[in-house]
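This report examines one protein chain, moving from a single residue to the whole fold.

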Amino acid sequence: MSVRITLLPGDGIGPEVTTQAKMLISALADDYGLSLEMESALVGGAAIDEKGDPLPAKTLDTCRRSDAIILGAVGGPKWSDPNALVRPEQGLLKLRKELGLYANLRPVRVHPKLFAASPLKPEYLDGVDLVVVRELTGGSYFGEKVEGDKFAMDSCTYTREEVERVVVRAAHLARSRSGRLTMIDKANVMATSRLWRKVTVEIMESQFPDVKCDYLLVDAAAMFLMSKPASFDVIVTENMFGDILTDEASMLVGSMGMLPSASLGSGSFGLYEPIHGSAPDIAGKGIANPLGMLASVAMMFEHSLDMVEAARRIESAIHQCISSNECTPDLGGNLSTGQAGAAVRSRLDGYIPTGVAHG
Ligand SMILES: NC(=O)c1ccc[n+]([C@@H]2O[C@H](COP(=O)([O-])OP(=O)(O)OC[C@H]3O[C@@H](n4cnc5c(N)ncnc54)[C@H](O)[C@@H]3O)[C@@H](O)[C@H]2O)c1
């Protein structure tokens, strides 16, 4: 099989964790005999510095010609002037929109070894295994904006079709897991949320009667994510609520560096990135945790390349590394980014498929 992957390292720790992604992909490509083409391109602040544009046309073109994209992170203090006309984040938002990547899957699973790294008590963390499906190309991040000293506006808009397609994807995911979905909105205040609620009720009743769907207001959901996180399975929500709730959920696992994400459209093409930002406070120190990025690579193998075994091998290797404390300092370990990446690669063969006897 021939596979074309675009690497967008971006800014801050983005290039550091992307290097580890590249090495992991190469290792698995060798194992499975993939004919692999990987090309790097500019995005974010690095692209502003070189081309004056956070998403140069050449980058977009390279992405369009690939089977999957791996993205590090964009942004940083150098480009954070609020009066600047071009900002790194614009590159990321445009990329998602241009490529029609409307569903962002963010799994959160807590390894028992990391209970101590979380600010929550262990009894709250036991059994946490949830996925947030965040709508990615609508809502207030993309609506009409007015920016001034005396008045500012971010309009939040959603169409029925935008809601339908992401709810259907989340419902299918819920059906493949425990059969439970939670839709999170602010239907007591926001018109867009009432559209979300109406469309979701219709879809669930007509197409997914076997999936149990609960509805929660976002303020209550923020509270329950901390007080009973193990009660959630699949969550579906709009763009900004999903952005905030998944950062909150990252605290369940103790570090921003742990969580992966997949941004998907209607086909198999996807963009894969850890949920963390460019972490300017640790950039260049060689201590960034690469596990969120490497788990994103696992999601790429599963969703874009249909190589489920490769995905499970990566997840298992990450699990083994955490179990044996082969981790970066944010998780209480003492490995560098490069050493942590190497540790994951060295454990790829430790995967034992479910149902295979061992002893
Ligand atoms: N998708 C993206 O590219 C993305 C997402 C969020 C923020 N950002 C941008 O990143 C910049 C910094 O944002 P921020 O500080 O709010 O969020 P951040 O995620 O970069 O960092 C938050 C905290 O988590 C730590 N952290 C993050 N990733 C880590 C990792 N892999 N290993 C160890 N520790 C890690 C950082 O050191 C920091 O203390 C801003 O310019 C922001 O706009 C980009």
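## A residue to begin with

Is Leu101 buried or exposed? The model is predicted, and the answer is computed from its atoms. Leu101 has 20 other C-beta atoms within 10 Å. A residue counts as buried if 20 or more such atoms lie within that distance, so Leu101 is buried.

Leu101 is found in the loop between α4 and β4, the strand of residues 103–109. Leaving aside residues up to four places away in sequence, Leu101 touches Arg96, Leu136, Thr137, Ser263, Leu264, Gly265 and Leu271. Ser316 is 215 residues from Leu101 along the chain, and the C-alpha atoms of the two are separated by 27 Å.

## The chain as a whole

The chain contains 12 helices and 12 strands. Its C-alpha trace spans about 55 × 50 × 40 Å along the principal axes. A compact globule of 359 residues would have a radius of gyration near 21 Å, and the chain, with 20 Å, agrees with this.

Of the 359 residues, 47% count as buried. Contacts between residues at least 6 apart in sequence can also be considered: 74% of them join residues at least 24 apart.

## Two domains

The chain is divided into two domains: domain 1 comprises residues 1–101 together with 260–359, and domain 2 comprises residues 119–252. The centres of the two domains, taken over C-alpha atoms, are separated by 24 Å.

How many residues of domain 1 are in contact with domain 2? There are 6 of them, and they meet 6 residues of domain 2. On the side of domain 1 that touches domain 2, helix α4 (residues 88–98) provides the largest share, with 3 residues. By class, this side of domain 1 has 3 nonpolar, 1 polar and 2 charged residues.

## The nonpolar core

The largest nonpolar core has 100 residues, and those that touch the most other members are Ile70, Leu294, Val297 and Ile314. Helix α10 (residues 291–303) gives this core its largest share, 9 residues. At least three residues of the core come from each of domain 1 and domain 2.

Not counting residues up to four places away in sequence, Ile314 touches Leu24, Leu294, Val297, Ala298 and Phe301.

## Around the ligand

Which residues are closest to the ligand? They are Gly75, Gly257, His276, Gly277 and Asn289, out of 23 residues that surround the ligand. The shell divides into 9 nonpolar, 10 polar and 4 charged residues.

## Two loop residues with positive phi

Asp306 is not a glycine, yet it has a positive phi of about 55°. Asp306 lies in the loop between α10 and α11, the helix of residues 308–323. With 11 other C-beta atoms within 10 Å, Asp306 is exposed.

Asn325 likewise is not a glycine, and its phi is positive, at about 60°. Asn325 is placed in the loop between α11 and α12, the helix of residues 337–346. Is Asn325 buried or exposed? Asn325 has 12 C-beta neighbours inside 10 Å. A residue with 12 or fewer counts as exposed, and therefore Asn325 is exposed.

Conventions
Residues numbered from 1 in each chain as written. Predicted model: local features only at pLDDT ≥ 70, side-chain atom pairs only at ≥ 80, totals over all residues. Domains from an automatic or database assignment. Contact = placed C-beta atoms within 7 Å. Helix = DSSP H or I, 4+ residues; strand = E, 2+ residues; numbered from the N terminus. Nonpolar A, V, L, I, M, F, W, Y, C, P; charged D, E, K, R; others polar. Near = placed C-beta within 6 Å. Rg over C-alpha atoms; globule rule 2.2 N^0.38 Å. Core = buried A, V, L, I, M, F, W, Y, C linked by C-beta atoms within 7 Å.
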